[in-house]
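These are my notebook entries on a single structure, taken down in the order in which I looked things up. The sequence and the model come first.

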Amino acid sequence: MAEQATTNVDSRAAEQAAHFKSVFQDIRTEVTKMMVGQPTVVDGVLTALVAGGHVLLEGVPGLGKTMLVRCLSDAVSVKFSRIQFTPDMMPADIQGTMVLTETASGAHELSFQEGPLIANLILADEINRATPKTQSALLEAMQERQVTVGNRTLTLEEPYCVMATQNPVEQEGTYPLPEAQLDRFLFKLLVDYPEENEYYEIIDRTTGTEEVEINHITDGAEIVKLREIARAVAVPTTAKTYAIRLVMATQPNSAYATDKTNAYVSLGSSPRGVQGLMLAAKVQAILNDRFSISTDDIKAVAYPVLRHRVILNFQAQASNVTPDSIIDDILEQVKLPRSVD
């Protein structure tokens, strides 16, 4: 009887994993109808959505960051809003505010008018143009899944995902994101220029007469179920140990810090880095037809999870050292733990 129960559990897990992968791939197919190339970025935003995390997309203008999130909102039938951040934007502009309205009887009353933060999928365009005061309002929504306006606190409906964009080159009129806010993003994805052969496809898809239609694949309730499936993925002690050591290796003077970390890093990852590695690796495992995390899954998500959590010192900037080069060194230096499961 016990063996039969175990078999039933394994069969159900396999069925759920197959469903998860099928929905993931269907969404990816719809998004790539418009988004040419950038497979790592596309998979990254999808992974963050089903893992329950937020994404920071960094790249120069014109690479399709905004279009990517818009296509995702079309494929996933949830409430979508876009915020174009500017230096003069106030917290009330994104949270909402109390407004005086006229009732049917001609009387006047105060009612709450929701801001664009009250949605499921938020495109925060050029987030680094917002002032620290406005960024703090966004921080509450990202971390607490709630918005506070005066004495009113609104709980945000799940799934809730912020996908922010920023230009890494233009600095005039921008406010660097504080470390506390960067830490709330599950991923930082770097959007690079297309390959030469991809430009032909971009021309055909965007300058012709045929309009691309993105089909609805799933909805918010289904995304929440996919998150539950991902969280049920098993995590061997070996994988936990490896993730912990990678995160500790980003922290200067820790037991696993490399020489490069000690020389060039001023602030390493917080425990949120370990949580991010686990959640993202669980999605990676399902996509690789497994219901248990391996160290390879953790390696696959190490860069997007850790690169924005590695804060470099002045010496690193003067020597053109990047967070990715620090992670390169960590992945090379930190040894895989022996299996103890």
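**Entry 1: salt bridges**

I searched the whole structure for salt bridges (a side-chain nitrogen of Lys or Arg within 4 Å of a carboxyl oxygen of Asp or Glu) and found 14. The model is predicted, and I kept to its limits: local features need pLDDT of at least 70, side-chain atom pairs count only at pLDDT 80 or more, and totals for chains, interfaces and linings use all residues. Residues are numbered from 1 along each chain as its sequence is written, and side-chain values use heavy atoms, with hydrogens and water left out.

I then looked up individual pairs. Glu-114 and Lys-79 meet through their side chains in a salt bridge of 3.5 Å, N to O. This pair links distant parts of the chain, 35 residues apart: Glu-114 is in strand S5 (residues 108–114), and Lys-79 is in the loop between strand S2 (76–77) and strand S3 (80–84). I take helices (H or I, at least four residues) and strands (E, at least two) as DSSP runs, numbered from the N terminus.

For exposure I use relative accessible area: buried means under 20%, exposed over 50%, and partly exposed in between (1.4 Å probe, protein chains only). Glu-114 is partly exposed at 44%, and Lys-79 is partly exposed at 45%.

Next I looked at Asp-183 and Arg-309, whose side chains form a salt bridge at 2.8 Å, N to O. Asp-183 lies in the loop between helix H6 (179–182) and strand S10 (185–190), and Arg-309 in the loop between helix H12 (295–306) and strand S13 (311–312), so the pair ties together parts that are 126 residues apart in sequence. Both Asp-183 and Arg-309 are buried.

Arg-307 forms a salt bridge with Asp-324, and their closest N and O atoms are 2.9 Å apart. Here too the pair links distant parts of the chain, 17 residues apart, with Arg-307 in the loop between H12 and S13 and Asp-324 in helix H14 (residues 323–333). Arg-307 counts as buried at 12% relative accessibility, whereas Asp-324 counts as partly exposed at 22%.

I also noted a network of salt bridges that links Arg-145, Glu-158 and Arg-227.

I asked how many residues of strand S9 (residues 161–166) are buried. The strand is mostly covered, with 6 of its 6 residues buried. Cys-161, Met-163 and Thr-165 point one way, Val-162, Ala-164 and Gln-166 point the other way, and all are buried.

For pairing, I require that DSSP finds at least two bridges between two strands. Strand S1 (residues 54–58) runs parallel to S9 and is joined to it by 4 bridges, and Leu-56 stands opposite Ala-164. Strand S6 (residues 121–125) also pairs with S9 in the parallel sense, over 4 bridges. There, Val-162 is the bridge partner of Ile-122.

S7 and strand S8 (residues 152–155) run antiparallel and are joined by 4 bridges; Arg-152 is the bridge partner of Val-149. The two strands form a hairpin with 2 residues between them, and Gly-150 in the turn has a positive phi of about 65°.

**Entry 2: nonpolar cores**

I define a nonpolar core as a set of buried Ala, Val, Leu, Ile, Met, Phe, Trp, Tyr and Cys residues joined through side-chain atoms within 4.5 Å. The largest has 74 residues, and those with the most contacts inside it are Phe-20, Ile-27, Leu-72, Met-163 and Ile-298. Helix H11 (residues 272–287) gives the largest share of this core, 9 residues.

Taking contact as heavy atoms within 4.5 Å, and leaving aside neighbours within four places in sequence, I list among the contacts of Ile-298 Ala-239, Tyr-242, Leu-277 and Ile-293.

**Entry 3: Leu-306**

Leu-306 lies in helix H12 and counts as buried at 2% relative accessibility. Not counting residues up to four places away in sequence, Leu-306 touches Val-247, Thr-250, Ser-269, Gly-273 and Ile-327.
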